[in-house]
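The sequence and coordinates come first.

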Amino acid sequence: MGTPLAGRGWAQLGALLMLPLARWAAHAAYRLVADNRHRMPGGTAVCSAP
């Protein structure tokens, strides 16, 4: 079997995200960033939440 197009490290990270605890942690981190995106550097008016 050949190396995936994204590379072995990314494939392993994707496999890790199949674990429930890792999936929960990734979701929590995503929500934290999404909820605070307007505070991050480089934010634009498009990023502001209503």
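D35 is partly exposed in this predicted model, with a relative accessible area of 45%. This falls in the middle class because buried means under 20% and exposed means over 50%. D35 is found in helix α2, which spans residues 20–35.

The side chain of D35 makes a polar contact with the side chain of R31 at 2.8 Å. The pair also counts as a salt bridge, with 2.8 Å between the closest N and O atoms; the cut-off for that assignment is 4 Å. D35 and R31 are four residues apart in helix α2, so about one helical turn separates them. R31, at 36% relative accessibility, is partly exposed as well. A search of the whole structure returns one salt bridge.

| Residue | Relative accessible area | Class |
|---|---|---|
| L19 | 48% | partly exposed |
| D35 | 45% | partly exposed |
| R31 | 36% | partly exposed |

L19 belongs to another surface feature. Together with W10, L13, L16 and L17, L19 forms a nonpolar patch on the surface, and the accessible area of these residues together is about 500 Å². L19 lies in the loop between α1 (8–16) and α2 (20–35). Nonpolar side chains are joined into a patch within 5 Å.

What secondary structure does the protein have? There are two helices and zero strands.

How many of the 50 residues count as buried, as a percentage? The value is 4%. The protein exposes about 4,600 Å², and carbon and sulfur atoms supply 69% of that area.

Notes: Residues are numbered from 1 along each chain as its sequence is written. This is a predicted model: local features need pLDDT of at least 70, side-chain atom pairs count only at pLDDT 80 or more; totals for chains, interfaces and linings use all residues. Side-chain values use heavy atoms; hydrogens and water are left out. Patches are made of residues with over 30% relative accessible area and no salt bridge: like charges are joined within 9 Å, nonpolar side chains (Val, Leu, Ile, Met, Phe, Trp, Tyr) within 5 Å. Accessible areas come from the Shrake-Rupley method with a 1.4 Å probe; for residues, only the protein chains shown count as cover. A salt bridge is a side-chain nitrogen of Lys or Arg within 4 Å of a carboxyl oxygen of Asp or Glu. Buried means under 20% relative accessible area, exposed over 50%, partly exposed in between (1.4 Å probe, protein chains only). A polar contact is a pair of N or O atoms within 3.5 Å; within protein, one must be able to donate a hydrogen and the other to accept it, and residues adjacent in sequence count only if both atoms are side-chain atoms.
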